[in-house]
Structure formats: C-alpha cells, structure tokens
Amino acid sequence: MPISAKVRQAMQSQSWIRQMFELGIALKKQYGDENVYDLSLGNPILEPPAAFQAELKKLAEHPGKGTHRYMPNAGYLETRQAVATHIATDTSLSFTDAHIVMTVGAGGAINVTLKALLDPGDEVLVLAPFFPEYMAYADNHGGLARIVKTDESFQPDLEALEKAITPRTKALIVNSPNNPTGVIYTDEKLRGLGQVLARAQTRIGHPVYMISDEPYANLVYDSQPFPRPVHYYETSIIATSYSKDLSLAGERIGYVAVHPSCPDAQELVNACIYTNRVLGFVNAPALMQHLVRALQDSHVDVAWYQRQRDTVYNALKKMGYTLAKPQGAFYAFPRSPIPDDVAFVQELLRERVIVTPGTGFGAPGYFRISYSVEERVLNGALEGFARVAKAHKLG
Ligand SMILES: Cc1ncc(COP(=O)(O)O)c(C=O)c1O
C-alpha cells in the first residue's frame with residue numbers, strides 16, 4: 001500500500017460536507033444542474049467587492065519591482081501594518097505589525113498556531129457543534145482534539161468546559177459567529193469562558209491558549225453587537241481570513257494575530273513565523289497580500305446574506321421546523337424532525353435537496369444548511385423542505 005494507514009483511514013471517514021458535495025455533483029449529472037438544490041458547501045457565492053477588482057487592475061498595470069519574489073515569512077510589513085491598524089481600531093487593543101503573521105487562509109492560520117503550540121499528546125478543546133477540520137488540524141500536529149458540548153442554545157457550557165480541562169490541555173478553539181449554527185457567543189458566556197480558562201491556567205500551572213477562529217466576524221446581522229472573544233482572555237490568538245467577507249476563499253489569504261497582552265507574545269509570533277515556513281506555506285500569497293492591504297474596510301454585501309437568512313429562517317419556521325435564528329455566518333442549523341439526522345438527510349436527497357447531517361459537526365439530530373447559494377437554488381430547496389415537512393406532519 002503506497003499511503004499511510006492513518007491517512008487511508010482518515011480518507012475513508014471523509015468529511016460529511018465533502019461527501020454531500022460530491023453526491024450533489026453526481027445528482028446534477030443525473031438530473032441537470034437546475035434540478036438539484038445543493039446547500040452543502042459553505043462557499044461564498046457573492047463576487048468580491050468592486051474595490052477588489054479596482055486594486056487588482058492597479059496592481060496588474062503597475063506591479064512593483066519584486067512583487068513575485070520570496071518575502072519575510074511573516075508577510076509584507078506594509079500589509080501587517082494595515083491589518084494591525086484595522087484590528088487595533090476594531091478591538092481597541094494595541095495590535096502592531098509585530099503581532100501579525102499573514103497566512104494561507106484561516107485554515108493555514110489555525111495550523112500554524114497549533115504547530116507552534118502543541119507537543120505530542122497535548123489536548124485541544126473544541127466546542128460542539130464544530131467546523132470538522134479542527135479534528136484533522138489538531139491531529140496534524142500531534143494533538144488530541146477533545147470535544148466539549150455546548151448548551152441547548154449552542155452557547156459554551158462553562159461547567160462542561162471546566163470539567164474537560166486536564167493537565168494536558170494546551171488550547172481551546174472558539175468560533176463565533178459559528179459554523180454550523182450561525183450563533184454568536186454572548187458577552188456573558190465569553191466572560192465566563194475567560195474566567196474558566198484563567199482559573200485553569202493557575203490550576204494546571206501552564207498557559208491554555210484560546211484560538212479564536214473568526215472568518216465570519218464581519219458577517220453579523222441585524223446590527224447586533226459582536227462580542228470579540230479576545231476581549232475576555234489575554235492568552236489568545238485570532239485566526240482568520242478574507243475568505244468569506246471579501247469572497248476570496250480560493251485565494252487563500254488570512255492571518256494570525258496574537259493578543260498584545262498575551263504572555264510571551266513575541267516568542268509565539270516568532271514560532272508562528274517559523275511554522276508558516278516549515279509547514280511549506282513559506283508565506284501567504286504575495287498578490288493577495290498586496291490587495292488586502294488596501295481593502296481592510298471593504299466587505300461583500302452583508303445585507304444580501306441577511307436577506308437569504310430571513311428567507312430560509314422564515315420559511316422553515318412556517319413549515320414547522322425547529323431552528324434558532326442565525327445571527328451571523330451563512331448557515332442555519334435546524335433540528336432534524338427524526339432523531340436520525342443521516343436518515344433525514346437521505347429523505348431530503350430524494351427531493352434533490354442536499355444538506356449536511358449534524359453528525360458531521362459533532363451534533364447528531366440536526367442538519368446544516370448553507371444559504372450562500374443563488375436565490376433560485378434556495379427557493380427550489382424550500383419547495384423540497386415543504387414537501388418533507390408535510391410528510392412528517394410538521395407545523
Ligand atoms: C469555522 C471555519 N474556520 C475556518 C475555515 C477555513 O477558512 P479558510 O478558507 O479561510 O481557510 C472555515 C471555512 O469554511 C470555517 O467555516
């Protein structure tokens with residue numbers, strides 16, 4: 001066998017999101033694109049804002065000398081300065097370029113951070129429901145992901161968190177606004193979470209790092225406040241990207257920002273610069289670094305996503321599905337009308353509606369809808385949801 005047993009096993013238990021996406025491709029071949037309603041993938045559907053195209057054109061017409069060469073592994077100084085100024089304003093924390101490492105998306109940022117932090121056997125706490133790649137990311141660096149449940153509103157369960165911390169706990173990943181639930185963690189829960197982590201550090205005698213995975217930080221609806229996790233705990237790191245709010249998912253650009261008051265912040269930044277290099281990323285893509293420098297205040301049309309959220313939430317509620325109103329990101333996470341979410345997803349498949357079972361996010365009994373799709377696809381899917389709701393006598 002040419003490949004490692006571990007990788008073979010990981011491939012066999014492949015992510016549900018990918019499985020559903022591939023199923024969608026097969027169904028589209030069979031029934032035609034227009035007759036399949038694929039809500040499985042969190043792929044930003046809007047085009048990047050006009051300001052992105054304008055910057056791209058400027059760069060193509062006037063490329064600076066050496067634009068395509070290697071650079072410092074942390075990224076261009078001017079880009080890190082622009083990012084630092086932006087998040088310092090956003091958070092009122094004293095971020096400078098010295099706290100920033102440009103990365104290959106948020107996925108790159110989390111991997112760079114975990115490699116910098118973990119020794120073999122260290123534990124990484126993950127709040128369920130969770131972005132499934134966290135499991136692989138922890139494993140990539142010899143870590144053990146430990147799943148901690150959230151409460152019935154998908155907010156952190158502080159008691160469960162406290163109990164889950166052991167002398168091997170090195171990090172906790174939080175993700176707000178959340179994929180897959182669309183929930184934003186409350187001020188009260190984050191304050192409690194910060195206190196739990198602070199107590200744990202004293203108890204176990206070493207730092208526990210909070211990695212705040214924030215690629216949806218700018219996709220927040222109804223002008224509600226977005227409590228920033230880094231405001232509640234200093235031993236923390238932001239891992240994020242421009243994948244969703246600038247619709248640049250394929251361009252792989254993001255960053256790590258270490259909290260300015262994090263103990264040994266500079267040592268951690270230096271470690272991330274090193275891991276960015278040796279993981280083979282070397283540096284974040286040069287062209288994208290040039291572009292995002294000038295786009296710190298640009299976003300896609302968040303109101304469009306909010307309208308999609310309203311459409312899906314209002315329609316499903318009316319049909320009798322049970323779900324919380326998503327507050328951010330572009331997902332809804334309804335309860336499956338039958339306990340077996342995988343079986344329910346199969347029922348939707350017969351309507352050519354593709355969603356992802358909650359089991360894939362560590363939350364059986366639910367399913368995830370991505371509403372980052374064309375209106376036509378969403379409307380077609382809602383017709384299928386209505387037929388299935390009727391069959392189950394919901395509402
Ligand atoms: C919660 C969460 N974290 C990280 C990522 C990875 O983002 P990126 O494409 O910037 O690597 C995603 C992508 O969907 C996500 O949903």
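A cavity is a set of points where a 1.4 Å probe fits but cannot get out, and its lining residues have an atom within 4 Å of such a point. In the predicted model described here, the largest cavity is lined by 19 residues. Of these, His86, Asn218, Thr240, Asp245 and Tyr255 lie nearest the centre of the cavity. The space inside the largest cavity amounts to about 190 Å³. Helix H4 (77-91) and strand E7 (236-241) each contribute at least two residues to this lining. By class, the lining of the largest cavity comprises eight nonpolar, seven polar and four charged residues.

In total, two cavities of 30 Å³ or more were counted. The second largest cavity has a volume of about 40 Å³. Its lining is formed by Val126, Leu127, Pro129, Phe130, Tyr134, Ile173, Val174, Asn175, Asn178 and Tyr185. Two or more of these residues come from each of strand E3 (123-128) and strand E5 (169-174). Eight residues of the lining of the second largest cavity are nonpolar and two are polar, while no charged residues are present.

The model also contains open pockets. The largest pocket has a volume of about 1,400 Å³. A set of 49 residues lines this pocket, and Ser15, Phe131, Pro132, Glu133 and Tyr137 lie nearest its centre. At least two lining residues are supplied by each of helix H1 (5-12), H2, H5, H6 and strand E4 (144-149). Helix H6 provides the largest share of the lining, namely eight residues. By class, 24 residues of the lining of the largest pocket are nonpolar, 17 are polar and eight are charged.

Helix packing was examined next. Two packed helices are described by the angle between their axes and the distance between the axes. The axes of helix H5 (residues 105-117) and helix H6 (residues 133-140) come within 9 Å and cross at roughly 35°. This crossing of H5 and H6 is right-handed. In the contact, Gly107, Ile110, Asn111 and Leu114 of H5 meet Tyr134, Tyr137, Ala138 and Asn140 of H6. The contact of H5 with H6 has five nonpolar and three polar residues, with no charged residues.

For helix H2 (residues 16-31) and helix H12 (residues 341-350), the axes come within 13 Å and cross at roughly 20°. Helix H2 is therefore roughly parallel to H12, because angles under 35 degrees count as roughly parallel. The crossing of H2 and H12 is right-handed. Trp16, Met20, Leu23 and Leu27 in H2 make contact with Val342, Val345 and Leu349 in H12. By class, this contact has seven nonpolar residues and neither polar nor charged ones.

Backbone geometry was considered last. Most residues other than glycine have a negative phi, and most peptide bonds are trans. A cis peptide bond links alanine 128 to proline 129, with omega of about 0°. Proline 129 is located in the loop between E3 and H6, and Pro129 is also one of the residues lining the second largest cavity. Another cis peptide bond runs from asparagine 179 to proline 180, where omega is near 25°. Proline 180 lies in the loop between E5 and helix H8 (187-204). Aspartate 222, although not a glycine, has a positive phi of about 60°. This aspartate 222 is placed in the loop between strand E6 (209-213) and E7.

How values were computed:
Residues are numbered from 1 along each chain as its sequence is written. This is a predicted model: local features need pLDDT of at least 70, side-chain atom pairs count only at pLDDT 80 or more; totals for chains, interfaces and linings use all residues. Side-chain values use heavy atoms; hydrogens and water are left out. Axes are lines fitted to C-alpha atoms, for helices over the stretch in contact, and angles run from 0 to 180 degrees between N-to-C directions. Helices (H or I, at least four residues) and strands (E, at least two) are DSSP runs, numbered from the N terminus. Angles under 35 degrees count as roughly parallel, over 145 as roughly antiparallel, 65 to 115 as roughly perpendicular and the rest as oblique. A crossing is left-handed if the near helix is turned anticlockwise from the far one by less than a right angle, and right-handed if clockwise. Contact means heavy atoms within 4.5 Å. Ala, Val, Leu, Ile, Met, Phe, Trp, Tyr, Cys and Pro count as nonpolar, Asp, Glu, Lys and Arg as charged, and the others, Gly among them, as polar. On a 1 Å grid over the protein atoms alone, a cavity is a set of points where a 1.4 Å probe fits but cannot get out, and a pocket is an open set with protein on both sides within 12 Å along at least five of seven lines; lining residues have an atom within 4 Å of a point. Grid points are joined across faces, edges and corners, and a volume is the space filled by probe spheres set on the points.
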